[in-house]
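My notes follow in the order I took them.

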Amino acid sequence: MKKYILLLIQSIFQLPLIISFLKLDLENIFYLNQFFWYTILVYIIFSVFFLLFFKEKKSLKNFSIFSISLIILLIPGIILGYFFANTMQSYDNSILRISGKIAFFYLSMALLINPLSYFVSDKYYSKLIFIRKIFGILSFLFFMIHLLNYIELERYYHFGDSSLLEYIFKNIKNRMDALTGLIAGFIMLILGISSNNFSQKILGSIWKGIHYMVYPLFLLSMIHIAFASRIDLFYMILFSSVIIFRTIVFFKKNSVYKNIKAGKTTKYICIVCGYIYDENKGDPDGGLLPGTKFEDIPNDWVCPLCGVSKKDFIPYYEEKQNYKKVEIAEIHYLTKDVIKLVIKSNSNLEYFDGQFIKFVLEDFDGEFIRQYSIADKSGLNFTFFIKLKANGRASKLFPKLNKGDNLKIAGIFGEFKLKINNKSKVFLATGTGLAPIYSMINNPNIKNCKKYLHFGVANQNDLFYLDELKKIENLEINIYLSKENINIYNYGRINVENFKYDKEIEFYICGNPGLVIESKEKLIKMGYENIYYEKFE
């Protein structure tokens with residue numbers, strides 16, 4: 001409700017601006033001292049339009065972040081506008097030229113994000129994609145300024161008995177710059193209109209093919225500029241940068257295919273946690289400079305994520321295609337941001353309680369891997385608890401999946417395994433870290449063991465699977481709420497210092513790195529030795 005009240009207030013404040021825009025004498029917009037106000041005014045109108053109808057964020061917080069980011073990334077366009085205006089003072093169509101130039105600038109920036117993302121870790125990928133989205137919106141914004149200005153110029157210079165539409169199409173027929181501009185504009189409109197979740201859902205797999213049109217759009221834009229005899233150093237730098245960087249990435253990817261055929265790779269993956277050591281990047285924090293060959297790594301080096309030794313790494317091929325296809329048997333929300341996913345394999349997969357499956361997911365930018373711990377296995381079915389994160393690459397895909405859809409998996413991995421014995425066991429979990437813990441607790445081989453579960457979340461609404469947990473025999477359940485004080489639950493985070501268990505008891509910990517590291521260190525100081533853990537990055 002607060003979100004809609006905010007939008008209403010924004011609309012009321014912007015109404016006078018919109019009315020003043022509609023009453024503008026457009027013949028006077030060519031005066032350079034009005035460029036700034038004209039740009040800002042049109043920006044406000046189109047930004048409100050996009051934020052209302054094309055935003056993917058549903059919370060007020062993320063809505064504000066998106067708005068602020070849009071404003072900040074508009075600044076280069078305003079600066080460029082002033083720069084170009086100062087160099088075009090003798091032209092009455094400077095707004096047309098300036099807006100077109102800025103639209104091409106933002107389009108180029110959006111296309112440079114993909115090759116740039118190839119050189120950064122996956123940790124920063126979602127942030128780059130967020131920026132690319134805003135660059136795309138700004139490119140569309142300035143393109144609309146460019147298009148509307150072109151139509152107004154045609155109206156201004158239009159004389160004779162023919163209609164404005166006939167006059168415009170006559171120009172398009174006789175001028176290649178107008179024709180290529182029209183085609184490029186048509187593509188831009190398609191991309192702009194379909195850049196939303198609703199279109200993705202309706203168009204399905206076709207949507208991805210439609211958005212590949214951004215590449216002919218970029219080429220057509222450059223051809224349009226060439227026919228208009230407007231190519232200068234600015235355009236050449238942008239065009240060359242996009243071509244050069246994307247070519248470099250193409251050859252890098254191509255070299256991966258060649259290495260696969262030759263059995264070579266520069267990457268090695270930790271079979272325990274999935275960390276990938278890249279020889280090109282090295283591990284500077286671990287004392288390995290970029291370019292350090294895997295065979296040259298000292299034997300005392302350990303995985304920076306889970307601490308296992310070099311011997312637990314195997315060659316990793318990014319484009320390896322021996323993936324297994326699975327089918328979604330069930331998918332639904334457990335909480336507002338946790339999804340229960342059940343997949344069905346067409347063959348029996350060897351599995352130990354506590355391990356995880358690597359999913360090979362695919363979006364507009366290609367394939368990527370995410371790993372999720374297995375919560376349960378029944379026959380050929382595997383159950384997962386998946387946390388949806390703001391701006392998460394995978395988190396944008398799962399809500400769009402349906403029962404019957406196919407996914408690809410790379411296999412089952414992990415050394416976080418349940419020890420089958422008669423010892424009592426303590427399980428610590430936060431959020432979806434409950435998945436491998438639930439798998440272990442539910443193992444029939446420890447049915448008669450005494451089990452203790454300490455499960456922490458932020459609020460009561462974040463709790464899930466409590467009914468299933470209560471059905472497990474010999475299980476004592478302790479719930480912790482870190483941000484909500486409710487009498488029937490513990491208030492605050494899980495604190496192992498309050499534990500008074502026998503020293504021979506086993507501890508299994510899974511959750512955020514802070515909980516895992518802190519709990520492990522405290523338990524060791526308290527004299528406990530049987531501590532096994534998994535952590536989420």
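I started with Asp337, which counts as buried because its relative accessibility is 17%, and the cut-off for buried is under 20%. I worked on a predicted model. I then looked up the partner of Asp337: its side chain meets that of Lys387 in a salt bridge, 2.7 Å from N to O. The pair links distant parts of the chain, 50 residues apart. Lys387 sits in strand 9 (residues 381-387), while Asp337 is in the loop between strand 4 (324-335) and strand 5 (338-345). Lys387 is partly exposed, at 36% relative accessibility.

**Other salt bridges**

I searched the whole structure and found 11 salt bridges. One of them joins Lys417 and Glu415 at 3.9 Å, N to O. Lys417 is partly exposed at 22%, and Glu415 is partly exposed at 43%.

I also checked Lys447 and Glu473, whose closest N and O atoms are 4.0 Å apart in a salt bridge. Lys447 lies in the loop between helix 12 (434-441) and strand 12 (451-457), and Glu473 in the loop between helix 13 (466-470) and strand 13 (475-481), so the bridge ties together parts 26 residues apart in sequence. Lys447 is partly exposed at 43% relative accessibility; Glu473 is partly exposed at 45%. I noted a network too: salt bridges with shared partners join Arg493, Glu497, Glu518 and Lys522.

**Helix 10**

I turned to helix 10 (residues 214-227), which has 14 residues. Its first and last C-alpha atoms are 20 Å apart, close to the 20 Å expected. Its buried residues include Val214, Phe218 and Ile225. Ser229 follows helix 10 and has a positive phi, near 55°.

Key. Residues numbered from 1 in each chain as written. Predicted model: local features only at pLDDT ≥ 70, side-chain atom pairs only at ≥ 80, totals over all residues. Heavy atoms only, no water. Helix = DSSP H or I, 4+ residues; strand = E, 2+ residues; numbered from the N terminus. Expected span 1.5 Å × (residues − 1). Buried < 20%, exposed > 50% of the residue type's maximum accessible area, 1.4 Å probe, protein only.
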